[in-house]
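Grab a pencil and work through these exercises with the model open beside you. Each task comes with a solution that goes step by step.

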Amino acid sequence: QVAVALKEGRVTPTELCQRCLSLIKSTKFLNAYITVAEETALKQAEASEERYKKGQPLGVLDGIPIAVKDNFNTAGIETTCASNMLRGYISPYNATVVQKLLDQGAVLLGKTNLDEFAMGSGSTDGVFGPVRNPWSYSRQYKEKSVPKSHSEDKEPDWVITGGSSGGSAAAVSSFTCFAALGSDTGGSTRNPAAHCGVVGLKPTYGLISRHGLIPLVNSMDVPGILTRCVDDAAVVLGSLAGHDPKDSTTIQDNFKPFELPNLTDVSKLSIGIPKEYHAPGLSSEILTIWSKAADLFQNAGAKVVEVSLPHTRYSIVCYHVLCTAEVASNMARFDGLEYGHRSNMNESTESMYAATRREGFNDVVRGRILSGNYFLLKQNYEKYFIKAQKVRRLIANDFVKVFRSGVDVLLTPTTLSDAAPYMEFIKEDNRTRSAQDDILTQAANMAGLPAINVPTALSERGLPVGLQFIGRSFQEKQLLTVAKWFEKQVQFPMIQLEEVKRHDHGVFQHQKSASFS
Amino acid sequence: LAPWVPVVGLEIHAQISSNSKLFSGSQVQFAAPPNSLVSFFDASLPGTLPVLNRRCVEAAVMTGLALNCSINKKSLFDRKHYFYADLPAGYQITQQRVPIAVNGSLSYSLCIDNKMSQMVTKTVRIKQIQLEQDSGKSLHDDTRSQTLVDLNRAGVGLMEVVMEPDLCCGEEAAAAVRELQLILQTLGSSQAVMAEGQLRVDANVSVHHPGEPYGVRTEVKNINSIRFLAKAVDYEIQRQIEELENGGTILNETRAFDSKLGCTVPMRDKEGKQDYRFMPEPNLPPLILYDAKSLPANMNHQQVINIDWIHERLPDLPSVRREKLVEQYGILPEHSFTLLNEDGLAEFFENVVKQTQMKPKKVIGWILQDLLSYLKQHSLTVKESPVSPVLLADLLSLLEKKEISSTAAKQVLAELWKGDGRTPLEIVKEQKLQLLEDQNELEQICQAVIDRQENE
């Protein structure tokens, strides 16, 4: 809708950009942004404005403020991956997805915060500190929270965003941008989307180019899309998808951007409910919301069936082996020689490498590197890596079988519970948390399938709960159509944030979900 | 004393002759300013991805076919991990699990007794050919305690040719590598100039008694010419034999050939056994090649490689060329061997034959003895010869027509070497080297000589 506003001249790109920039300043305590590219953003906005004046906007995204997770290369703007290893690193090139957005006239506001090198499920383990979930400061949450008795701390017991794309999720959730790029390797876009009450889309592996996305697990990573409504996600997808000669893992087929139909009749739809997703630790609240959603589809005439994905419970261990192995390999390039942090230790090349890597990486990264190298040792390779690849095939086959049996889309919870308070979350280490939190999202990465989080309802604590739809390979249109129908049914409430109210009168609050399309 | 059986296996890295590197678009060029041919991918900037170079694949297929290999229609890429300053990504992309070509053979010729009079043909089996990335170059500056790194070479395409240990001595190794070099140069898949690092040879050497299992092998590196290859292999064989006969043992180590001292020494740099933690390269799908049968109907030709198409277009390999020369010109096999062994000499010979009346069987003598020895004496290549095929052809025609004697011809050739632009005919006239046919004239001259003698 803001795109329409831009077109009609009710608001200009520079106004929009300035409002977002000042909102970013007012919500600085969220720590969602690592770098705010104020100057370049305003220049881009000005250029966009010129185009609108001439009546020649580049497309729907022209003039739309966006944010990008700080593990995407942005030319001339620092790319840190929230790590000391890349602090001050200014990349000479744009990731393909960033370039595509800029080519469409989008305004890049800045780079968002994450867990270091995208390793984590809380966005709490980066060198720039944790990201705070905007809902911590919402009226909905504050009303429900028990006031601290005699605490000097005026701060509410703030909750995490989830991760690792927490900064992007928080940015979209707090209205500082209209869309953001995240990445998704085990759930890193869908998890924070669920906790922050926004739409988080993980596209099919091979649909969107990874060129310029600093890899975590090359065989599972995808760029993720975070927006405030499903239609917006479809628009962004349309501008990003398609073969990239620079990424040999993108499919060659021609991609046609689509507009989502307004589904009214779901009677031809078959929704699968995988029983294994009733995972240990799933809160009764989310279980209830999930059940209600299934009923919603059934009552509307859809066919809702219980299905089984029997190898789900092996996915965490399998993921751990494959992820750490690829991480160990991908991180080998960080030696301080060509770019990034270089230690002052210069007794020998090897000692310089060792010191650089110890200083540059946090313990989460180092832990995964050590594990990964262990699994790749000659004597362990067969036992662990090969075995895990085989298990991965089994997990992927589970989905193939289910989709072949006539199911169109799967419906599952996205997270085990609503967002945890930060102080609770950090009681367990990163590895434990990741193992717990990824269980519902990770299998889709194993199988390369598209999946989306749709904000569904508020928990008893007043925090967002989302549900996940998993679709067939390259069937994003069907997946998003169903998601859009569901979104319309549940009418997820808008966040009520003081800062947002103060900053804006027209554009943000007008529409229910302040979308741009 | 029981006889020793030396076993020699070669690993050869041939730099692919291509405009750009194996996985990136930066240029391939020898001796460019340091770090001037480095793309983002070569420098291992985070987020960059490999894109396979079609020309490199074609070069590997051509080479595989020329070496009688089976070309694997599906081959895979892997990462081989180790830390070194000239390996920016911390791993090399290679083909460890399934290489592009396997199970071939290379035939080469050896002269018995160094006489070039008897040649024997031998064969060495080719285990496999794999595509892989070259590393950059590092220079250790000990005085300043620093290492200088040049990444120009990082990512250049290599074909690693692995031979089975069928060779037994330096001479065989040298002959086999020479033949491989000629094949690569004929195909154009590699320029294979050892001095420019386009062809690198590592030799695995061991000795054992007949009937007993193979001995411990050492790997010999830092061999910079074919001549040094023969020396290094023979030295190492000798060293191992002496060591074992003195009751010592052979360590499974890497040794460097010291060309000044003519011996092999242990290399300090390399550690014992390295675990390379091989892992499939996740950013490159399997490499699929097609032949006429399997080629899908509506495939974009830009996107596929047809092995049969390449096979049909292979040029004549050296062995075939030699046979043709023998057949066409009636020269000996040894002759054709030497003709192909010198760059440009076969063309020179054929050019002369075309333009002269002298028969090829006679021309060959002039080429291989007179011309070639002049070139060698003056350290000139055939291309640099001051005597062109036309000039030599004219000279030989004069000889053939009996206008001059063969002694005179040699004199004229010596003059032609000065390269001052005179033709053979001009030199003959100048120096009055013409053969006299006129009986009377001859009698007069002889009489004049006799008369002079009597007067003294």
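**Exercise 1.** Which strand of chain B gives the most to the lining of the largest cavity?

*Ground rules.* This is a predicted model, where local features need pLDDT of at least 70 and side-chain atom pairs count only at pLDDT 80 or more, while totals for chains, interfaces and linings use all residues. Residues are numbered from 1 along each chain as its sequence is written, chains are lettered from A and ligands numbered from 1 in the order in which they are written, and side-chain values use heavy atoms, with hydrogens and water left out.

*Solution.* 
- Start with the term: on a 1 Å grid over the protein atoms alone, a cavity is a set of points where a 1.4 Å probe fits but cannot get out, and lining residues have an atom within 4 Å of a point.
- Next, look around B:Asp42, B:Pro88, B:Ala89, B:Tyr91 and B:Gln133, which lie nearest the centre among the 17 lining residues.
- Strand S5 (residues 91–94) of chain B is the one you want, with 3 residues in the lining. Strands here are DSSP runs (E, at least two), numbered from the N terminus.
- The space itself comes to about 160 Å³, a volume being the space filled by probe spheres set on the points, which are joined across faces, edges and corners.

**Exercise 2.** Find the area buried between chain A and chain B, and count the salt bridges.

*Solution.* 
- Collect the contact residues (heavy atoms within 4.5 Å): chain A brings 42 and chain B brings 32.
- Now take the buried area, the accessible area (1.4 Å probe) that two parts lose on being put together, summed over both. For the two chains this is about 2,800 Å², with 56% on carbon and sulfur atoms.
- Finally, check for salt bridges (a side-chain nitrogen of Lys or Arg within 4 Å of a carboxyl oxygen of Asp or Glu). Between chain A and chain B you'll get 0.

**Exercise 3.** Describe how domain 1 and domain 2 of chain B meet.

*Solution.* 
- At the contact, 9 residues of domain 1 touch 9 residues of domain 2, and about 770 Å² is buried between the domains.
- The salt bridge count between these domains is 1.

Methods. On a 1 Å grid over the protein atoms alone, a cavity is a set of points where a 1.4 Å probe fits but cannot get out, and a pocket is an open set with protein on both sides within 12 Å along at least five of seven lines; lining residues have an atom within 4 Å of a point. Helices (H or I, at least four residues) and strands (E, at least two) are DSSP runs, numbered from the N terminus.
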